Amino acid sequence: MNSTNKHIIKAFTLFEVTVVLAIMSVLIAIISNSVNRFNEQLKVSTDVHAELNHWRSVRSVIWSDFYHADSINFGNGELTMFEDGKEAAYKIIDDQLHRRSNADWFNLEVEAERIYQEEKNEEVVFHMLFPWKEVPMDLSYHYQTAIDGKVNAFFDRLQ
């Protein structure tokens with residue numbers, strides 16, 4: 001037998017194939033962990049945005065009720081606002097803020113601590129306290145009576 005007639009096929013050695021597979025598996029693991037981390041961050045961001053959007057919509061309804069109210073009454077932990085024959089009321093039930101429109105109470109699904117009224121210089125300020133990241137957030141509305149009420153009160157004092 002002649003050794004010069006050997007057929008040699010150029011190929012990768014077993015060691016080279018193993019090294020390439022190891023490098024590829026490390027790269028795939030890094031990419032997969034990066035994608036998982038990105039998805040986790042995206043979910044957290046989406047949850048925070050959904051929570052903020054819900055809070056903003058509830059706050060908008062509260063401000064709208066305050067702004068359009070003809071008169072506001074507070075008693076027995078219930079804040080009631082009247083506008084052109086319509087009535088909206090807010091009350092805390094089981095640490096959740098509820099709103100009554102007509103006869104039905106609706107859970108606004110916002111945690112609330114307290115609703116109270118404060119008088120400052122013959123004016124009334126209504127407060128709603130909400131726990132936000134373990135710090136109480138105060139949503140307050142400075143209620144001023146309409147100008148006709150002030151004029152009537154002025155003339156009532158003159159008599």
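Rings of Phe, Tyr and Trp (its six-membered ring) pair if their centres lie within 6.5 Å; planes under 30 degrees apart count as stacked, over 60 as edge-to-face and the rest as tilted. By that rule, 7 aromatic pairs are found in a search of the whole structure.

The model is predicted, so local features need pLDDT of at least 70 and side-chain atom pairs count only at pLDDT 80 or more, while totals for chains, interfaces and linings use all residues. Residues are numbered from 1 along each chain as its sequence is written, and side-chain values use heavy atoms, with hydrogens and water left out.

**Aromatic residues**

Two of the pairs involve tryptophan 55, as tabulated here.

| Pair | Centre to centre | Angle between planes | Class |
|---|---|---|---|
| Tryptophan 55 and phenylalanine 130 | 4.9 Å | 70° | edge-to-face |
| Tryptophan 55 and tryptophan 132 | 6.3 Å | 40° | tilted |

Both link distant parts of the chain: tryptophan 55 lies in helix H1 and phenylalanine 130 in strand E7, 75 residues apart, and tryptophan 132, also in strand E7, is 77 residues from tryptophan 55. Helices (H or I, at least four residues) and strands (E, at least two) are DSSP runs, numbered from the N terminus. Tryptophan 55 counts as buried at 9% relative accessibility, and phenylalanine 130 is buried too. Tryptophan 132, at 28%, counts as partly exposed. Buried here means under 20% relative accessible area, exposed over 50%, and partly exposed in between (1.4 Å probe, protein chains only).

One aromatic cluster is formed by Trp63, Phe66, Phe126, Tyr141 and Tyr143. Elsewhere, the charged end of arginine 114 sits over the ring of tyrosine 116, 4.0 Å from the ring centre; the criterion is NZ of Lys or CZ of Arg within 6 Å of the ring centre and within 35 degrees of the ring normal.

H1 has 55 residues, which at 1.5 Å a residue should span 81 Å, and its end C-alpha atoms are 80 Å apart, in agreement. The expected span is 1.5 Å times one less than the number of residues. The buried residues of H1 are Trp55, Val58, Ile62, Asp65 and Phe66.

The largest nonpolar core has 21 residues, of which Ile62, Ile72, Leu79, Tyr90, Leu97, Met128 and Phe130 touch the most other members. Two or more residues each come from helix H1 (14–68), strand E2 (78–83), E5, strand E7 (123–132) and strand E8 (135–143). Such a core is a set of buried Ala, Val, Leu, Ile, Met, Phe, Trp, Tyr and Cys residues joined through side-chain atoms within 4.5 Å. Leaving aside residues up to four places away in sequence, methionine 128 touches Ile62, Leu79, Tyr90, Leu97, Arg114, Ile115, Met137, Asp138 and Leu139, where contact means heavy atoms within 4.5 Å.

Strands E3 (residues 86–93) and E4 (residues 96–101) run antiparallel, joined by 6 bridges; two strands pair if DSSP finds at least two bridges between them. Alanine 88 stands opposite serine 101 in E4. The E3–E4 hairpin has 2 residues between its strands, and aspartate 94 in the turn has a positive phi of about 55°. Aspartate 95, in the loop between E3 and E4, also has a positive phi, of about 60°, although it is not a glycine.

E4 pairs with strand E5 (residues 104–111) in the antiparallel sense over 5 bridges, with aspartate 104 in E5 as the bridge partner of serine 101. This hairpin too has 2 residues between its strands, and asparagine 102 in the turn has a positive phi of about 65°. Within strand E5, glutamate 109 has a positive phi near 55° and counts as exposed at 57% relative accessibility.
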